[in-house]
Amino acid sequence: MTATTSPRTAAGTPQPADGAGAVPAHTGSRTTRILGVLALASSALLVLYGLVISPPDVEMADSVRLMYVHVPSATYLYVGCFFTTFASAMWLWKRTPGWDALAEAGAEVALVFSFITLGTGSLWGRPTWGTYWTWDARLTSTAVLTVLLIGYLALRRLDLDPGARSARVAVLGLLLVPNVIVVNRSVEWWRSLHQGSTLSRIDPTIEGDMLVALMVGFLALGLVFAWLMVHRFRVAWLEQQADRFDLDEALALRRAEATTPTTPTDTAKGTA
Amino acid sequence: MWRDAALVAGRDLRVEARSRVTLQQVGPFALLVLILFAFALDPARQTLERATPGLYWVTVLFSALLALARSAALDETDGVRDALRLSALEPAGVFAGKALAVAAELLALEVVLGIGVIILYGAEPAGIGLLVVTCVSATAAIATTGTLYGALVSGLRVRETLLPLLLLPVLAPVLLGATRAFEAALGGAPADGWPWCGLLAAFAVLYSVAGAAAYGTLLEGS
């Protein structure tokens, strides 16, 4: 994860040069293109391993193939949450906009992976458990986590003064992982009689090509996760820059309106 | 800090006592929810009796949302927030005071609801010690968490809709723990309920610490 995209924004220039020059025209770079190609290639490999090479499971038959997507996406869902909480903590400490952008990227990508997790999970549950949904500990806590992420992003999306919003979303983001842990513990405790963890049911039977397929799944979705994170981070960063441009432009207009050039320049600091 | 907390709690409760919103609106609303549950679940006593602990705590949560929105709204009018910032009161004290005031209101509400549940749902109180400890720890958990999240959304135009969305998933473990503890108490097996009380207490401590630490940031950043 590189934070080196810093567009050469020249905070003093009032005119946002359209297109080339001031801000990059897109969020891609050489590194992300290589990352994207790798992600595509490993996804193709996952399709090959998951759907063709690996054998059907003895108990779960072909539905086991969903696990090669489900388990990795659940894992990266939690990785995304950790990114958000870590970045929120760092923002509260350093107060630099990059951490805010990273927290946003983590939560959004985590939400995508939570939908993948819930979707593949319920498709898998139908043939295996005979129902799309059951009040299993993992399902329930993943559902609550999804709502937590939606709430977090809802607060982010509000049209607020950037400084005030950053403080609020940072506190909310900081609480994300503790909330997830408390919800997971309590729900697991509640459902402990119900059934053991889903993973441990698969683990003993996994070997050979199935294990390889799962590993390929981790690799492919990991690369997809990284690619999404980098791009989402850059989009968030550019959004922040755009906000700043708007402010600079408005300030410049105001200054141009004033007849005398004696306007104090300290308004341009914009320390929110 | 505790002196500041007492000051803020005293102010909130005095405003509440004078406006009587909790007494005249939140309390009746809670009783209304109890009646609506009876409509929804068929007043054949068995269903209601079995579901009493869950219904009780869902009602408390819904009513708590109203009380918390009130508590947050108190600081939004007449520049109260700026006054608080300038008053040199410790942010942790302000947080504790607001949480204490909400907790006091909720405890009163829970007593009323308890009586309502006994009369309307035919619940037989048992395991009083466990019930009381559960109420106190769950109330502390709701009040601290709610005060913190109330500050997160205060001043926003969409706060009425956003607060439930943010707060209810976070309070899911409280609902779970309080309901299980009540079930254990009413079911005559209090030993099963005490671990849930532990969970509630741990939750309350976690959010008291988080709220006391974060309230300053939220107060200054709004």
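The model is predicted, so local features need pLDDT of at least 70 and side-chain atom pairs count only at pLDDT 80 or more, while totals for chains, interfaces and linings use all residues. Residues are numbered from 1 along each chain as its sequence is written, and side-chain values use heavy atoms, without hydrogens and water.

**Interface of chain B and chain A**

- Contact (heavy atoms within 4.5 Å) links 29 residues of chain B with 24 residues of chain A.
- The buried area, meaning the accessible area (1.4 Å probe) lost by both parts on being put together and summed over both, is about 2,200 Å², and carbon and sulfur atoms give 79% of this area.
- There are 4 residue pairs in polar contact between chain B and chain A, both residues being at pLDDT 80 or more; a polar contact is a pair of N or O atoms within 3.5 Å, where within protein one must be able to donate a hydrogen and the other to accept it, and residues adjacent in sequence count only if both atoms are side-chain atoms.
- On the side of chain B that touches chain A, H8(B) gives the most, with 11 residues; helices here are DSSP runs (H or I) of at least four residues, numbered from the N terminus.

**Chain A**

- Of the 20 residues of H4(A), 15 are buried, that is, under 20% relative accessible area (1.4 Å probe, protein chains only).
- Arg95(A) has a positive phi of about 60 degrees although it is not a glycine.
- Arg95(A) lies in the loop between helix H2 (67-94) and helix H3 (97-129) of chain A.

Definitions and conventions
Chains are lettered from A and ligands numbered from 1 in the order in which they are written. Buried area is the accessible area (1.4 Å probe) that two parts lose on being put together, summed over both. Helices (H or I, at least four residues) and strands (E, at least two) are DSSP runs, numbered from the N terminus. Buried means under 20% relative accessible area, exposed over 50%, partly exposed in between (1.4 Å probe, protein chains only).
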